Amino acid sequence: MSLEKGSLSIHSENIFPIIKKWLYSDHDIFVRELISNASDAITKLQKLVMINEAQIEENPDYKITVTLDEEAKTLTFSDNGIGMTAEEIKKYINQIAFSGAEDFIKNYKDKSDKDQIIGHFGLGFYSAFMVSSDVEIHTRSYLPDAEPVNWKCDGGTTFEMTEGTRESRGTDIILHITDDGKDFLKEYEVKQTIKKYCSFMPVEIFFDIVGKEPLKDADGNLLPPEPLNETKPLYTKQPSECTDEDYKSFYQSTFNDFKEPLFWIHLNMDYPFNLKGILYFPRLNTEFDRIEGQIKLYNSQVFVADNIKEVIPEFLLLLKGVIDCPDLPLNVSRSFLQNDGFVKKISSYITKKVADKLNALYKTERETYEGFWDDINPFIKFGALKDEKFYENVEKSFIYKTIEDTYVTLSEYLEKAPDKKVYYATDTVQQAQYISLFKSQEMNAVILDHPIDSAFISLIESKNEDVKFERVDADVSEALRNNSSLTEEEQKTLTEKLTDFFKKALDLEAITLRLENMKSENLSSMIVLSEESRRMQDMMKMYSMPGMNADMLKGETTLVLNEQHPLVDYLIKQDDGDNETVQMICAQLYDLALLSHTQLSPEAMTAFISRSNTLLTKLI
Ligand SMILES: Nc1ncnc2c1ncn2[C@@H]1O[C@H](COP(=O)(O)OP(=O)(O)OP(=O)(O)O)[C@@H](O)[C@H]1O
């Protein structure tokens, strides 16, 4: 076949329903689109006035009003902006995908730098048909000799345009709401949608209901209507203009969170891209609080979506905040964003700012930083695990809480740990016995008790090859024991004898037992489990590995007996493993050791309590 070239043709009857129904996934988006258009209309007029291309009344009260008429089943979006001439309606409304916003930007880009126009594509207006059968436009251009125009379309591909009725400059968009959209005839629904998308819109938005009595104070005086939005949200201001109180109240009103945030980062960047925002580190009040953040993304003060992880690095989604980036398209398609180099730059800028803030706090306000650490450490650790660059940036600001209730860096800890071992506790209650052992010997250990810590420990070990973490109950460290007073031969025979005693008393097939001369006199027995075996156990628990279960490692624990303790000494001197007292002491020593290592099973606990009672009875 010979080569044939041509232009594709589109039938408006076919494409129009697609634009109306499927352009946007969210039903309520038409509110955002129509208010954005109204806001654009006002911004454009402001610009023209500024450059002396439009003459209008002094101090115009620029505003957008959304009016609900429940009886007539209409929702009207009114503005006193630039308006449209008949020619402009023909060009921008009757021709789908022809944007007056783009035209305006092209025409005036050199004459004004205040670029806040939202529209781009010339499609938003048609989202009105997602909830309407008929849409009317009543408009009058700002031009002195402009005639008003009325336009009407019933959702087909034809329209009617006639001489208009609007007396003042501006535009009314009247939506005749269908049954499908009847939710938008409810005050609550409309107000919530306006608040969701337009809370920070730069023009005041008012809501009105036809036939509703205006609000009055106690003396019967009319109250001025309150706008639904904040036209100059805090993040648009310079950080130097904002007080701590401003930041806190912005946080509370934006996130409905009445806990005070810990601290915040005000992002303010003009080059190489435009980005403003505030990121807050929330306080985690209770251990049951899940760390769940919320980052609201805006484009020129219009809400786009929450938690877009393509723009905001995943670990930062644990924070709360607002980010406004006018250079992002309003209708963000996630697959588009994933591959966008520009988005990657935004994301790494935000990450860097967060790291800078943490480092600055660490360097200049270490005490405050330590006060925040318990709240922020899971977030920082998560970030370090997720993002290599972030890890490198904040590595020097990692601190560790110790069993002495102080905070140290890794190098500060290692200065006093010649064996390069970092001892740590994961549960200060369960491991209290081991912790007090450390304290009694003036040895330090850090507390790593968050679920993220096991992954974090592996990360730190992989980055610092000569550093090894060991849980306080992993072994009896050199510093906690003296040389044994027994000879090697004696040790061997006694260990064999005691192993038999314990096997009998506990009815176990095997038990690993070791005699040590421990420095702590009060300690009779303890269970240790090597760091490797315990990590293996933890991993199996976490991933519930098929074919393996944590019980398989039970035999890997070692019962350490303190040869200096009178009870152990008593056992050493006995020959008869069947003796009732010997059996009772063995069982009790084992349970006591187990208790500070793990939880006893219900049966073991019952036996332990009953045996304890029997032993006490013997005292009387
Ligand atoms: N309230 C209004 N006042 C004045 N002009 C308006 C108004 N609403 C719409 N227009 C004109 O109609 C054009 C088309 O609007 P539409 O919402 O379809 O697209 P857009 O705003 O240009 O881009 P987007 O699809 O990104 O919203 C606008 O660019 C503007 O010129």
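In which helix is the place of Phe 342? Phe 342 lies in helix 8, which spans residues 341-364; helices (H or I, at least four residues) and strands (E, at least two) are DSSP runs, numbered from the N terminus.

1. Basis of the note. The model is a predicted one, in which local features need pLDDT of at least 70 and side-chain atom pairs count only at pLDDT 80 or more, whereas totals for chains, interfaces and linings use all residues. Residue numbers start from 1 along each chain, following the sequence as written.

2. Overall composition. The protein chain comprises 18 helices and 21 strands. Of its 620 residues, 32% are buried. A residue is termed buried if 20 or more other C-beta atoms lie within 10 Å of its own, exposed if 12 or fewer do, and partly exposed in between, with C-beta atoms placed from the backbone. Among contacts in the protein chain with a separation of 6 or more, 71% involve residues 24 or more positions apart; a contact requires the C-beta atoms of two residues, placed from the backbone, to lie within 7 Å.

3. Phe 342. This residue counts as partly exposed because it has 14 C-beta neighbours inside 10 Å.

4. The largest nonpolar core. This core has 85 residues, and Ile 35, Ala 128, Ile 278 and Ile 323 have the most contacts inside it. Helix 2 (residues 29-50) supplies the largest share of this core, eight residues. The core also draws at least three residues from each of domain 1 (4-209) and domain 2 (234-364), the bounds of which come from an automatic or database domain assignment. A nonpolar core is here a set of buried Ala, Val, Leu, Ile, Met, Phe, Trp, Tyr and Cys residues joined through C-beta atoms within 7 Å. Leaving aside neighbours within four places in sequence, Ala 128 is in contact with Phe 30, Leu 34, Val 135, Ile 173 and Leu 175. A second, separate core has 44 residues, including Tyr 413, Ala 505, Leu 571 and Ala 593.

5. Met 201. Met 201 occupies the loop between helix 5 (187-198) and strand 7 (205-209). It counts as buried because 27 C-beta neighbours lie inside 10 Å. Not counting residues up to four places away in sequence, Met 201 touches Ile 35, Ser 39, Asn 229, Thr 231, Gln 301 and Val 302. Thr 178, in turn, is 23 residues from Met 201 along the chain, with 27 Å between their C-alpha atoms.

6. Buried faces of two helices. In helix 3 (residues 86-93), the buried residues are Ile 89, Tyr 92 and Ile 93. They are on the same side of helix 3 because they cover an arc of only 90° around the axis, the arc being that of the directions from the helix axis to the C-beta atoms. In helix 12 (residues 432-440), Tyr 434, Ile 435, Leu 437 and Phe 438 are buried. These cover an arc of only 155° around the axis and are therefore on the same side of helix 12. The buried residues of helix 12 pack against strand 15 (421-425).

7. Packing of helices 14 and 17. Helix 14 (residues 488-506) and helix 17 (residues 580-595) pack at an angle of about 85°, with axes 9 Å apart. Helix 14 is therefore roughly perpendicular to helix 17, a term that covers angles of 65 to 115 degrees. Axes are lines fitted to C-alpha atoms, for helices over the stretch in contact, and angles run from 0 to 180 degrees between N-to-C directions. The contact involves Phe 501, Phe 502, Lys 504, Ala 505 and Leu 506 of helix 14, together with Val 582, Gln 583, Cys 586, Ala 587 and Tyr 590 of helix 17.

8. Positive phi values. Most residues other than glycine have a negative phi. Ser 300, not a glycine, has a positive phi of about 45°. Ser 300 lies in the loop between strand 10 (294-299) and strand 11 (302-306), and counts as buried because it has 23 C-beta neighbours inside 10 Å. Asp 507, also not a glycine, has a positive phi of about 55°. Asp 507 is placed in the loop between helix 14 and strand 19 (512-518), and is exposed, with 7 other C-beta atoms within 10 Å. Just after helix 12, Glu 442 takes a positive phi of about 55°.

Key: Parallel < 35°, antiparallel > 145°, perpendicular 65-115°, else oblique.
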